[in-house]
Amino acid sequence: NALGGACLVIIILDPGYLLFLGFQFSFLITASILACYSFFDRKLLYFLPSTPPSPNFLYNKVRNLVRQGCALNIAVSVGGIPLSLVHFGQFPILSLVYNFFIPTFVSLSLMLFLTALLLLPITSYLSSLLFKICDTWTTFVLHLITPPKSLTNWIEFSPFFSKVTLFIGLTFLLWRIFLSVPQTKKKLAIE
């Protein structure tokens, strides 16, 4: 409801936002995550159960995080790939891998940066150490996400295939949204 309300307010204030790629990607991918994440998480339980036979807590936690990351990546792809195909006629193959790791890596960079920033008035030595760790980590992440030229392949599709993919993706998304809305049962009054 909040996502739909925000979308409606933005469109009422300025209908031109409907044509902006950032608006389209933001709302479609967010709607895709909200509608499809739990569905894919449940489906992936068959491959990565949440309670494996191992009593090892760390193993269970990593296994659950991998499953949840895969479910999130698939949910993002349901909304993102069709829209990328329609607007650009192509999408990078490595984006499927990047979407799994990069958000976590960037979150860690931001966490290190904000911690160092908060500690600056208290202890400059610890803060400068955290800034150096953050700088090293961020440089590592930037090198990690810059692939060699041999891996920068894009899959290109015809405009017709792109539109069919968008139609299928949006149909699946709307189906998931429809299923996630609780159905109210009306009682018939018998007189």
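Of the chain's 191 residues, 26% count as buried. The model is predicted: local features need pLDDT of at least 70, side-chain atom pairs count only at pLDDT 80 or more, and totals for chains, interfaces and linings use all residues. Residues are numbered from 1 along each chain as its sequence is written, and side-chain values use heavy atoms, with hydrogens and water left out.

Me: What makes up the fold, read along the sequence?
Reply: The pattern is α-α-α-β-α-α-β-α. The chain has six helices and two strands. Both are DSSP runs, numbered from the N terminus: helices are H or I with at least four residues, strands are E with at least two.

Me: Why is Asp41 called buried?
Reply: Its relative accessibility is 14%. Buried means under 20% relative accessible area, exposed over 50%, and partly exposed in between (1.4 Å probe, protein chains only). Asp41 therefore counts as buried. Arg67 is buried as well.

Me: What makes the contact between Asp41 and Arg67 a salt bridge?
Reply: The two side chains meet at 2.8 Å, N to O. A salt bridge needs a side-chain nitrogen of Lys or Arg within 4 Å of a carboxyl oxygen of Asp or Glu. Side chains of opposite charge can pair when their charged atoms come close. The structure holds one salt bridge.

Me: Why is Leu117 called partly exposed?
Reply: Leu117 has 41% relative accessibility, so it falls in the partly exposed class. Its place is in helix H4 (residues 95-119).

Me: Which residues make the nonpolar surface patch?
Reply: Phe113, Leu114, Leu117 and Leu120 make it, over about 350 Å². Patch residues have over 30% relative accessible area and no salt bridge; like charges are joined within 9 Å, nonpolar side chains (Val, Leu, Ile, Met, Phe, Trp, Tyr) within 5 Å. Accessible areas come from the Shrake-Rupley method with a 1.4 Å probe; for residues, only the protein chains shown count as cover.

Me: Why does Phe113 count as partly exposed?
Reply: Its relative accessibility is 36%, hence the label. Phe113 sits in helix H4. The C-alpha atoms of Phe113 and Ser127, 14 residues apart along the chain, are separated by 9.1 Å.

Me: What makes Leu126 partly exposed?
Reply: Leu126 has 36% relative accessibility, so the class is partly exposed. Leu126 belongs to helix H5 (residues 124-145). Leu126 and Ala116 are 7.5 Å apart in space, C-alpha to C-alpha, and 10 residues apart in sequence.

Me: How many residues line the second largest pocket, and which are closest to its centre?
Reply: The second largest pocket holds about 330 Å³ of space. Of its 14 lining residues, Leu65, Gly69, Phe100, Phe101 and Thr104 are closest to the centre. Helix H3 (57-88) and H4 are the elements that give two or more residues to the lining. H3 gives the largest share, eight residues.

Me: How does the lining of the second largest pocket divide by residue type?
Reply: Nine residues are nonpolar, five polar and no residue is charged. Ala, Val, Leu, Ile, Met, Phe, Trp, Tyr, Cys and Pro count as nonpolar, Asp, Glu, Lys and Arg as charged, and the others, Gly among them, as polar.

Me: What makes a space a pocket?
Reply: On a 1 Å grid over the protein atoms alone, a pocket is an open set of points with protein on both sides within 12 Å along at least five of seven lines. In a cavity, a 1.4 Å probe fits but cannot get out. Lining residues have an atom within 4 Å of a point. Grid points are joined across faces, edges and corners, and a volume is the space filled by probe spheres set on the points.
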